[in-house]
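Here is a short tour of one protein chain.

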Amino acid sequence: MHKWGTLVGEHMRRNVGDTGPCGLRPWANIEDVNSRILGGKDTRLGAWPWMVSMQLVTHNGQRDLSQWHLVVGVREVQRAGASIPGPFAQERRAVHILLHEQYNSWNENNDIALVEMNEPVYCGYMVQTACLPRPSDAPVRDSEPCIIAGWGYKEENALQPAAILQEAEVKIISLETCNGTEWYHGFIHSSNLCAGYPEGKIDTCQGDSGGPLMCKDKNSDTFVVTGITSWGTGCGRVKRPGVYTSTGSFLEWIVSKIGGDPTLNTPPPIENSILKPRRGRLGRGVAPKSRTSFIRAKQDIPKGKWGPFLL
């Protein structure tokens with residue numbers, strides 16, 4: 001089983017002795033991202049260096065916490081227990097997963113969790129931390145363009161997920177529209193975001209859950225993990241866009257678990273029923289999208305060891 005997520009670090013200019021600002025993309029080249037995960041467009045090497053592949057290795061159908069493997073620094077993931085691809089790949093194990101205390105599996109409310117890794121990851125050209133919103137940030141606007149990425153299915157009824165990381169551009173859809181009678185009919189919570197297109201076609205799908213909805217900071221070129229892929233009905237269906245957990249709604253919860261001060265989050269400056277929330281293999285109406293996402297600790301926790309698994 002494959003899930004995925006995002007390494008998210010401080011959205012701030014770091015002090016002397018820290019590891020540097022979040023959101024760095026040394027090898028990034030994001031031209032022509034207006035394509036879709038469904039049907040797919042391969043990302044360029046290093047385009048999103050905070051992506052994490054979460055892989056569950058089972059034995060005789062049994063699952064255990066130590067069987068969750070987190071692979072960072074990769075563009076292509078291999079399956080069936082194959083060796084880690086590429087010279088930049090790093091693999092870690094999950095040693096603790098903390099689900100939000102008020103998570104509701106029926107309606108996917110409070111769809112977020114934390115995961116502790118067994119040891120830190122090391123930043124470089126292919127591994128960087130992403131950014132969270134600041135508490136003072138205004139909500140993303142209706143029709144604002146954002147980026148989604150993941151290794152999920154490229155078609156609603158695909159036989160297997162993508163091996164190469166896919167990316168696409170989507171647009172924010174207001175909660176009022178998304179909750180309309182022809183859309184999700186009131187199933188969207190205030191802590192959700194909707195993103196996609198009224199006509200569908202471009203969307204996340206099964207296996208993409210937990211990954212980032214990334215919108216640009218208004219004062220910089222830095223991408224911010226504004227949302228976490230959560231659920232949806234089918235994949236790319238008309239008036240059934242992807243539904244995301246709003247990270248801005250859970251900053252205090254994250255800090256309460258891992259330490260740190262969300263008020264320090266400052267972006268680096270520019271210098272030069274049938275609608276029940278489900279996203280499964282058979283049209284997102286079978287099971288919720290598998291979920292994962294990732295935030296690095298701020299303070300009081302060894303650097304790189306904690307990564308909120310934003311489920």
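Accessible areas come from the Shrake-Rupley method with a 1.4 Å probe, and for residues only the protein chains shown count as cover. On that basis the chain has an accessible surface of about 13,300 Å². Carbon and sulfur atoms account for 49% of this surface.

This is a predicted model, where local features need pLDDT of at least 70, side-chain atom pairs count only at pLDDT 80 or more, and totals for chains, interfaces and linings use all residues. Residues are numbered from 1 along each chain as its sequence is written, and side-chain values use heavy atoms, with hydrogens and water left out.

**Overall make-up**

The chain has 2 helices and 14 strands. Both kinds of element are DSSP runs numbered from the N terminus: helices (H or I) have at least four residues, strands (E) at least two. Of the 311 residues in the chain, 57% are buried. Buried means under 20% relative accessible area, exposed means over 50%, and partly exposed lies in between (1.4 Å probe, protein chains only).

**Nonpolar cores**

A nonpolar core is a set of buried Ala, Val, Leu, Ile, Met, Phe, Trp, Tyr and Cys residues joined through side-chain atoms within 4.5 Å. Which residues touch the most other members of the largest core? They are Leu 7, Trp 48, Trp 50, Leu 70 and Met 214, in a core of 28 residues. At least two residues of this core come from each of strand E3 (51-56), strand E4 (68-72), E6, E8 and strand E12 (223-231). There is also a second, separate core of 12 residues. Its members include Cys 146, Ala 195, Ile 202 and Tyr 244.

**Salt bridges**

A salt bridge is counted when a side-chain nitrogen of Lys or Arg lies within 4 Å of a carboxyl oxygen of Asp or Glu. The count comes to 8 salt bridges. The table lists some of them.

| Asp 137 | Arg 134 | 2.7 Å |

Glu 182 is exposed, at 51% relative accessibility, and Lys 239 is partly exposed, at 25%.

Asp 221 is exposed, with a relative accessible area of 55%. Lys 216 is partly exposed, at 39%. Elsewhere, salt bridges that share partners join Arg 134, Asp 137 and Asp 217 into one network. Within it, Arg 134 is buried because its relative accessibility is 18%. Asp 137 is partly exposed, with a relative accessible area of 24%.

**Positive phi angles**

Is Asn 110 buried or exposed? Asn 110 counts as buried, at 13% relative accessibility. Asn 110 lies in the loop between strand E5 (90-99) and strand E6 (113-117). Its phi is near 55 degrees, a positive value in a residue other than glycine.

Ser 143 is not a glycine either, and has a positive phi of about 75 degrees. Ser 143 lies in the loop between strand E7 (130-131) and strand E8 (145-150). With a relative accessible area of 44%, Ser 143 is partly exposed.
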